[in-house]
Amino acid sequence: MHKIAKIDKFGIISIPVKIRKNLGLNESTAVYKKDRDDELIMNPIHTKTPDAVKKISEMELSVEDWETMEQETESGAVNE
C-alpha cells in the first residue's frame, strides 16, 4: 500500500488508521527505524507474549486443561 505522509514541524509522521490496523500497530508499539541510502525503513517490533496471553485467555480453558495447553504451547503445537 502506498500513501503520501507529511512530516509536521515537530518531526512527527502520521500513519493512517488503515495501515496501522493492517500492521497491528497501536500507540504503544515500538518501531525499529533504519536509514539506508535515500530510504527510511520502519518496522514494528511485535512481542509474542501479549498476543499469546490474549489468545489463551480467549480459550476459556478449565483448570485441568492448563497443563496440556502449556505443553502444547512449548512444543509449538498451538498455531499463532
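Tutor: A salt bridge is a side-chain nitrogen of Lys or Arg within 4 Å of a carboxyl oxygen of Asp or Glu. Please keep in mind that this is a predicted model.

Student: What makes the pairing of Arg-36 and Glu-39 a salt bridge?

Tutor: The N to O distance between the side chains of Arg-36 and Glu-39 is 2.9 Å. The cut-off is 4 Å, so the pair qualifies. The structure holds 1 salt bridge. In general, side chains of opposite charge can pair when their charged atoms come close.

Student: Why are Arg-36 and Glu-39 called partly exposed?

Tutor: Arg-36 has a relative accessible area of 40%, and Glu-39 has one of 38%. Buried means under 20% and exposed means over 50%, so 40% for Arg-36 lies in between, and so does 38% for Glu-39.

Student: Which residues are in contact with Val-31, leaving aside its neighbours within four places in sequence?

Tutor: They are Met-42, Asn-43, Pro-44 and Ile-45. Contact means heavy atoms within 4.5 Å, so each of these residues meets that limit with Val-31.

Student: How do you know which element supplies the largest share of the lining of the largest pocket?

Tutor: Strand 2 supplies 4 residues, the largest share. The largest pocket is lined by 21 residues, and Met-42 is among those nearest its centre. By class, the lining has 14 nonpolar, 4 polar and 3 charged residues.

Key
Residues numbered from 1 in each chain as written. Predicted model: local features only at pLDDT ≥ 70, side-chain atom pairs only at ≥ 80, totals over all residues. Heavy atoms only, no water. Buried < 20%, exposed > 50% of the residue type's maximum accessible area, 1.4 Å probe, protein only. 1 Å grid on protein atoms, 1.4 Å probe; cavity = no way out; pocket = protein on both sides within 12 Å on 5 of 7 lines; lining within 4 Å. Helix = DSSP H or I, 4+ residues; strand = E, 2+ residues; numbered from the N terminus. Nonpolar A, V, L, I, M, F, W, Y, C, P; charged D, E, K, R; others polar.
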